[in-house]
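Hi,

Here is the structure I said I'd pass on to you.

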Amino acid sequence: MATRTNDWEQASAADGSTYWFSPGLSKYSWAVPEELKTDADRSREAGEWVWMEHPKEGYVPAKRSPGKGYQSMAGETLYLKKDMAKPAKLNWLNLTMSENDLVMLENVNPAVILFHIKQRYLTNQIYSYVGPILISCNPYKLLPLYTPSILNNYIKRDNRYLEPHVYAVANRAFRDLVSHSCSQSIVISGESGAGKTECTKQALQFLAEVAESAENIEQMILMANPVLEAFGNAKTIRNNNSSRFGKYLEVFFSHRNSIAGATTTNYLLEKSRVCFQAPKERNYHVFYQLVEGSTPEMKQRFRLGPVSSYNYLNQSGCDKVAGVPDDRLFKEELLPSMRELNFSQDEINSIFRIVSGILMLGNVTFENTGERKCQVKDAKSCSDAASLLEVSGKALNEVVTTTKLKVIGQAPITVNLSATEATSARDALAKFVYEKLFDWLVQKVNQVVAPKGGSKYSIGILDIFGFEIFDQNSYEQLCINFTNEKLQQFFNFHTFKQEEKCYKEEDITFEKVPYIDNQPVLDLIEQKPHGILPMVDEELIVPKGTDLTFINKLHDRYAQNPHYRAERKKRVEIFTVVHYAGDVTYDSKGFLEKDRDRLNDEAYGLLSKSTCLFLSKLFPQNDKARTRQAKKSTLGYRFTRQLTALMKTLHNTEPHYIRCIKPNPNKSPLEFYGKMSFDQLRNSGVFEAVKIRKAGYPFRYTHKEFFWRFAATMPEHRQKFSPTDMIDNCRVLISNFGFDTKTKQEIQVGRSKILYRAPQHRIMENKRNIAVERLVRVVQRVGRGYMARKLYRRMKAIVPVLEKAIKIRKVEPLQAALAQADGVGYEMKIIKDARYMLHVFEEEERVEKVLSSLIDEDPEETFGTFAEALATAKEIKYNSPTVERARKVFAEARKVRDAIDAEGEKALVSLEVNELRKVLEQANALKFPHRSPTINKIIDLIYKTSTDNFVKLQLKASLRKGDTDRIIATTIKLREISLERTKTLFDFNKFALLIDRNVWAGKKLLCFDRKSLAESMRRYTQSSIHHSLTRMKEKKDKQHAKILFKNILGYMGNPRYQAGQEVILARELLQAAVDSEEQRTEIYCQLMKQLTKNPDKTSMAKGWDLVMLCVSTFPPPSVIENHLEVFIRKNSPKKMMKRIILAMHHKMYDSKQSSLSVPDVNKMNDIVNGNIRNRSICSGYNTSIQQLDELKKLGEKKVSNAVELGANGTPRRPNPLSAPATRPKADAKVGMKRGSQMLNPEAVMAATEKKSQYLTKPEGHASKAPKTGGPSLPPNWRTAVDPESGDTYYYNAVTKATTWDMPTA
Ligand SMILES: Nc1ncnc2c1ncn2[C@@H]1O[C@H](COP(=O)(O)OP(=O)(O)O)[C@@H](O)[C@H]1O
Ligand SMILES: [Mg+2]
């Protein structure tokens, strides 16, 4: 909508951004027009403003003050340091305009991007695009971004106007898979805790939703998460659920584009965590889960002790994750998932046997017994560990305390180990066992969910560690950063090289962008034989190779390499690699050992001889990899190979990018650390993307697309466009925009496309918006003219024909002329006139005939006909002597009837049934029944108006009078009637706020039988619910809803509480309802659920008591009141129904009861026992409606006769309505109740708020179907019924505003 200021209108472009438009000047502006700027604006903008680097914020706008550095808006002084680049000029537009795609901002630079990501983050817009990349900032709070309806929006359309979202990326991937017939990948990267794994899950959730599969395979894929997370995730200081391994999840699609299966590839599990955790961190979740959650039987079998008793768990001082119940996760997630994934009981037992074995191994400690000699301190743990791993205790002892020295050509010599060395040997054993176990789990999951049968395409989701720069960087960081270099190269390849390719194909001139090609760094790390990683491998096999010999060789070889720096001056062991994301200094200490990554032969042999089959299979006796050259089994070798395979896979896909940003180190919402986020943006290669896009032409349309898009901007040129030469057309359009294609700067005409940049895009789109609007108006005008011309010819022809016929003043000729006029097809005035004249001529003849025949008869008997003929004469302005005489005769007879009519008019105002009936009786008592318009109205009202319409009219009448009691009574009656008619609409199952049952079931993390869970959602269950039944916004409300359900369960006797407890449960429930409207809705749903198909009679009775308590304490929220009333009417015990409904109505309508408070215990007892009698709101009124219904029944037949009479005016005598046979009966019935007062006078309800809701209804009402269900109303809004149409409208109790459409908050 446009808001007008002076000559400028502020308007919204199609993409949602704001611009100013001056219709008068035909000018538009993206910036605030000069004319609209205030003095404050101007003085603020004066001076030299730039984006200055800031130690905390990354970048801030700052104003240059000569000699004094730069002043930030916050008043800080910032100085330009030597190593800083020249600050970028600030473009004020950048501060006000936002784009979903930040690349589209003008003068975009890193500072601008950072600025906007921050602004957006602080308003909960956690997603932004930067060119092809989705930036996702961890919100650290639940945002309503992942609801089924939002997901559905993204499924429905690939709309670039939808907000940036993971779903949009997943959707694009899926659509591209289908339309390009090409595998896709989604590359997610970012620091630990940035939200990668959440993104992966959301993308997967989306794919599962958009591409369902028959076999529920997507559920199985989701199910694998709890298992892999239990074993592969741990609490770190950065993330409570940090994945300690890289993961590539490839989801395969069948030919019908449904999910066929998935495989997971894991990279680099951080196995050192098994033996060591830093302070405030934990070991892998599974250890705690097993120890806390296993059954006593398992505890015994696996010799489990408390967490504190294990060395591998007790060193960091952290054994809990806030809010994560390890024991429950074990029982309710891990075990069920394993079973669901077809783990056999044997496998499960073996897995936990091994996990406990590892823990026990950690308790084996050593004491030195001499020079380089030690023994196991605690023999029990050693033998326990051995028996859990099912290996010989003696052999285990030997493996950890000694080693074998092999000299070629001689028998191996046994060498003792020191306590420290023995500890390392022990840890190596534990780490390797755990790693193998983890690999096995991944394989197992793959077996279960792998696609069966052919599947051509896949979407791979890569959830992998981002670039790491720590204070101390070792071999692992080198591998991780190497991975990121690879991914960056892939990214460059795809964006930059693809861009370049596109420009070449289009044969346009473009500036070559000097981008950071990281091939030299990749070569430095991986190239054989002298890359860093191959050199470590090499050093392992040369005699006497050590970390030191390695680093010296490295320093020598790369002395001249610009991407390498030996840091000999600091320490000889360290070296620096110049990565694309920055310089990282690595410490080579431990490189060789980490790379060897090999269990010695004795330890390996020990495990492969375990009698635990599961374990021995993890260490096969003749493992080919072990017997091959040592080089080929190094970590570096394996990792490089894995990575190469991954890159190969990725190269065969069309990639999509998500970069996750961790905006603060505190895991807290709405905190944005500028510098920290900026570093991550840089590390993730985002700015490279900006550079590439900025240098190139981000906007591109084919010639044809471009032409059709912008042709509207030159309507006057329409005829002159060539139908074939699109290039030429495009050139015409472009020069009309004022752009010069020759300079090849702003916009370029390629071979198949037009390519241009953000500023041109904005200008053209804007002109297009304006032009299209104009064009629409023109088209309308042209269309109307054409129609008119055609009509005009016909109309002209008929005029003389009609004029002639009218002049004759005879019925027949005029009839003939009119028949001819029918063909015109348009109601001209003269046709209307002619029709009226025809009527006049006909009536003149008839009136004359009727009156002259009646004039000597008894006017009482011919009254109706008389009256009608005289009225007609008056209407057609016909006068004749007959008419004059007839008028006089008639006047006499009229006096009696006028008296009755006067009564009738009064009754029509009050609409009291007995008054109406009395008037009707008097009218009937006349010789010939009196059928004045008034009486006809009464007859219509009683006999031809449906009861509900009658009640609506009554409601209106009461509103006019301000009769509150009657207003309420009629409102309730109306509800009752309309609910009776529409009750199927208000079936509990159809309540719109209820979550879809399958979605609901899907919200349960682990579930054996989702189908039956879904089915149980809306009927009685004994168990608690895993999620609220209704959609709720806040997590805490959902949690609360689950808890409240337990109150209901308890009140209804499950489990049995001590006597008296149930009242406490009920009070707590009622209090929650009083506090929150959302919970009111939820509670009523929960109650309806528990009162559906409940086989237990006592439980049912208690449930209805609870309903009684609820309706007596708080009114049902308007969204659910109809559903609830229908449910109660249908299902409640007969003897309670009236009581419940009445109590509910009092809560809804009686302003005295409008305050909400939880009744005390005595009152609760009274309510439940029926000791509180609500006075009847409508009994008197209902009696009158009963009378009406009886009257209807009696009168139906008689009325139809009377109606016939009114229609043709032929005298009929005597009217059967006055026949004595029926009259006494009706009289008796009416008489019985006569004089009984409708309402209890002492309980007249105050006409406060509740009354005013009916007084003004909104304007411009086009009858709409009543809204049912739907989202709940914002505060202060109420629903009301329009007495005229019966439709629902909304009114605001505070502002008194009214509207037909459901208001939104
Ligand atoms: N979109 C999101 N909405 C709400 N919370 C999120 C979101 N993304 C991440 N989080 C929070 O951040 C934590 C870490 O996210 P996670 O995906 O595990 O990080 P990463 O895998 O990058 O280490 C999550 O456990 C969650 O609490
Ligand atoms: Mg993760």
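**A serine in a loop**

Let's start with serine 1076, which counts as buried because its relative accessibility is 17% and the cut-off for buried is under 20%. Before going on, keep in mind that this is a predicted model. Where does serine 1076 sit? You'll find serine 1076 in the loop that links helix H41 (1061–1075) to helix H42 (1077–1090). One goes to the backbone nitrogen of glutamate 1078, at 3.3 Å. Another goes from the side chain of serine 1076 to the backbone nitrogen of glutamine 1079, at 3.0 Å.

**The nonpolar cores**

Next, zoom out to the largest nonpolar core, which has 188 residues. Which residues have the most contacts inside this core? They are Phe231, Phe287, Ile351 and Phe352. Helix H15 (residues 419–449) gives the core its largest share, 14 residues. There is also a second, separate core of 89 residues, and Ile900, Ile968, Ala969 and Met1144 are included in it.

Leaving out residues up to four places away in sequence, phenylalanine 231 touches a list of residues including Tyr284, Met338, Ile351, Phe352, Val355 and Leu441.

Now pick valine 355 from that list. Valine 355 belongs to helix H12 (residues 345–362). Is valine 355 buried or exposed? Valine 355 is buried, since its relative accessible area is 0%. Again skipping residues up to four places away in sequence, valine 355 touches Phe231, Phe287, Leu290 and Leu437. Valine 355 and phenylalanine 231 are 124 residues apart in sequence, and their C-alpha atoms are 9.9 Å apart in space.

**Around ligand 1**

Last stop: the ligand. There are 16 residues around ligand 1, and those that come nearest are Asn138, Gly193, Lys196, Thr197 and Glu198. By class, this shell has four nonpolar, eight polar and four charged residues.

- Glycine 193 uses a backbone N or O atom, 2.6 Å from an oxygen atom of the ligand.
- Threonine 197 has a polar side-chain atom 2.6 Å from an oxygen atom of ligand 1.
- Asparagine 239 also brings a polar side-chain atom, here 2.8 Å from a ligand oxygen atom.

How much of ligand 1 does the protein bury? Taken alone, ligand 1 exposes 550 Å², and the protein buries 84% of that.

Definitions and conventions:
Residues are numbered from 1 along each chain as its sequence is written. Chains are lettered from A and ligands numbered from 1 in the order in which they are written. This is a predicted model: local features need pLDDT of at least 70, side-chain atom pairs count only at pLDDT 80 or more; totals for chains, interfaces and linings use all residues. Side-chain values use heavy atoms; hydrogens and water are left out. A nonpolar core is a set of buried Ala, Val, Leu, Ile, Met, Phe, Trp, Tyr and Cys residues joined through side-chain atoms within 4.5 Å. Buried means under 20% relative accessible area, exposed over 50%, partly exposed in between (1.4 Å probe, protein chains only). Helices (H or I, at least four residues) and strands (E, at least two) are DSSP runs, numbered from the N terminus. Contact means heavy atoms within 4.5 Å. A residue is near a molecule or strand if one of its heavy atoms lies within 4 Å of it. A polar contact is a pair of N or O atoms within 3.5 Å; within protein, one must be able to donate a hydrogen and the other to accept it, and residues adjacent in sequence count only if both atoms are side-chain atoms. Accessible areas come from the Shrake-Rupley method with a 1.4 Å probe; for residues, only the protein chains shown count as cover. Ala, Val, Leu, Ile, Met, Phe, Trp, Tyr, Cys and Pro count as nonpolar, Asp, Glu, Lys and Arg as charged, and the others, Gly among them, as polar.
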